[in-house]
Amino acid sequence: MAASIPLGKMQNNICLVCKGKKVHYDFSIEKFRVEECADCGFMRLNPQPTDGELAKRDSENYSIFNNDIPRQLHTAKLKSSTADHYLDLLESYVGGPLKGNLLEIGCGHGDFLARAVARGLTVTGVEYSKHAVAIAARKIGKLDRVICGEIKEVAALGERYDFIVFADVLERVRDPNEFLQQVHALLVEGGIAGVIVPSLDSFSAKLMKNKWVEFKPEHLWYFSNATLRRLLYMKGFGSLQTHPAKKTLSFDYVVQRFAPYPVQPYTSVIKFIRHLLPSFIKRYPIRVAGSGIVMFARREEIYSIKKLSVILPAYNEEKTIEGAIERVLAKRISHIEIEVIIVESNSSDKTRDIVGKYEGHDRVKVIWQDKARGKGNAVQAGLKEVSGDFILIQDADDEYDIEDYDALVEPLLSGEAVFVLGARHGGRAWKMRQFNGQRFAGHILNFGHWFFTLLVNVFFGLSLRDPFTMYKVFRADCLHGLTFESPRFDFDFAFFNCSMTVTLSSYAIT
């Protein structure tokens with residue numbers, strides 16, 4: 001990709017993903033330096049290879065099987081099986097058969113395109129290798145639907161697509177920000193991007209460390225699940241879903257494919273085993289979790305103002321409900337609109353009358369329930385009515401400080417997290433709940449809180465500081481594909497795979 005990233009020159013010290021300035025040298029790949037962001041873990045090559053250096057390596061990669069027809073056919077069979085798996089995942093994400101037009105960027109020999117055509121999709125491919133373009137065009141039977149060039153050549157066609165897939169591409173482009181902006185512009189409203197990249201979270205990356213086979217000069221950027229999610233979100237993509245990038249491989253293919261990237265002692269061991277295996281086992285196809293991830297995301301409109309939907313379940317809270325509502329309505333957060341969704345569960349005190357005064361308010365929705373079915377049920381009812389980008393669950397007893405909203409929402413705005421829990425314990429200051437006039441009871445209850453937190457973390461394999469907090473704040477697109485029918489929904493939702501915990505203020509409970 002032609003971009004503002006300097007070729008052969010040192011980049012600035014700002015992380016592409018989180019914009020942090022703590023980007024430091026880690027190790028080298030041949031003559032190229034690998035740097036890591038201390039804040040988010042994103043890694044990059046700095047400086048990047050020149051166009052000539054990259055072209056030479058890509059030419060070597062394409063020539064591996066050029067003179068071996070049986071191996072070419074074997075490789076095509078493996079790649080077609082992998083393509084079917086990725087298309088199955090895409091169908092699962094969509095929730096049904098795939099319809100519309102699909103663009104694959106970096107389509108190679110067209111194996112993915114051919115399998116997409118078999119499912120009834122109208123396809124377009126773009127590939128910079130003329131040799132690969134000719135092969136791909138023959139496979140799909142349409143010479144004019146495979147373009148030689150880059151994404152800018154596709155943009156010049158003036159077409160928009162329902163699906164855009166790019167496998168092993170994002171880590172190679174000069175500027176991922178610019179590339180994703182172009183993908184966003186090429187998708188129809190609600191269109192889906194499918195991204196496949198090597199992942200720093202993979203088992204092979206953790207096992208091999210700086211000898212990982214994906215650390216090579218043609219890979220300019222190195223993503224983790226979290227950094228890829230964050231970058232996609234900041235470029236206008238939501239409803240993100242991640243899967244391990246399982247590929248159909250054979251032992252023979254793995255040995256030949258990675259011959260140009262010897263890593264000792266792994267390379268010698270693999271070659272030795274290969275010599276011991278009979279031919280039919282060497283080429284036996286096996287689906288394995290590779291070193292990458294598959295991430296699907298929907299195109300969303302990019303707005304400068306976001307909306308926060310606050311769900312406020314209310315049952316027999318006549319002493320605190322009005323103050324809680326007024327404080328939420330009075331709260332101001334830069335670039336955030338706030339709506340309040342009150343779920344009133346037929347209280348036996350005056351709560352229902354108080355809530356009734358807010359019916360018709362332009363920033364309030366009121367849901368009337370005929371009887372109390374528990375807080376979890378009330379939250380479910382509220383979730384069905386949200387219209388915001390972010391959702392916060394607020395307790396009606398006014399225990400929590402509304403001023404904590406800023407700290408809770410900030411990681412969502414920046415894309416750093418998709419789900420945030422507020423913790424009443426932790427941070428630099430000694431923070432615990434205070435019970436007015438009940439000092440001894442306060443100590444006992446706080447000890448019990450810590451004890452049960454330990455049990456939750458041990459049994460569920462988590463590291464939460466306050467799993468019982470009522471403050472759960474998350475992106476609305478987390479609800480993509482979820483249903484709320486389970487009677488244990490509230491419990492399950494509390495232990496969502498959250499990305500961040502924020503320490504809240506101290507409280508006085510009367």
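1. For the protein, the average pLDDT is 85, and 83% of the residues score at least 70.

2. A word on conventions. This is a predicted model, in which local features need pLDDT of at least 70 and side-chain atom pairs count only at pLDDT 80 or more, while totals for chains, interfaces and linings use all residues. Residues are numbered from 1 along each chain as its sequence is written, and side-chain values use heavy atoms, leaving out hydrogens and water.

3. A search of the whole structure finds zero disulfides, a disulfide being a pair of cysteine sulfur atoms within 2.5 Å. The sulfur of Cys37 has its closest cysteine sulfur in Cys18, at 3.5 Å, too far for a bond. For Cys40, the closest cysteine sulfur belongs to Cys15, and at 3.6 Å that is too far for a bond as well. Cys37 is buried, at 2% relative accessible area (buried means under 20%, exposed over 50%, partly exposed in between, with a 1.4 Å probe and protein chains only).

4. Helix H6 covers residues 176–186 (helices are DSSP runs of H or I, at least four residues, numbered from the N terminus). At its start, a side-chain oxygen of Asp175 comes to within 3.1 Å of the backbone nitrogen of Asn177. Buried residues of H6 include Phe179, Leu180 and Val183.

5. His184, also in H6, is worth a look: it counts as buried, at 8% relative accessibility. Its side chain reaches the backbone oxygen of Glu300 at 2.8 Å and that of Gly236 at 3.3 Å. Setting aside residues up to four places away in sequence, His184 touches Lys235, Gly236, Phe237, Arg299, Glu300 and Ile302.

6. Finally, the packing. The largest nonpolar core has 53 residues, and Phe179 and Val183 are among those with the most contacts inside it (such a core is a set of buried Ala, Val, Leu, Ile, Met, Phe, Trp, Tyr and Cys residues joined through side-chain atoms within 4.5 Å). Beyond four places in sequence, Val183 is in contact with Ile105, Ile151, Ile164, Phe166, Ala193 and Phe237. Another core, of 33 residues, lies apart from it and includes Leu312, Ile333, Ile336 and Tyr471.

How values were computed
Helices (H or I, at least four residues) and strands (E, at least two) are DSSP runs, numbered from the N terminus. A polar contact is a pair of N or O atoms within 3.5 Å; within protein, one must be able to donate a hydrogen and the other to accept it, and residues adjacent in sequence count only if both atoms are side-chain atoms. Contact means heavy atoms within 4.5 Å. pLDDT is the predictor's confidence in each residue, from 0 to 100.
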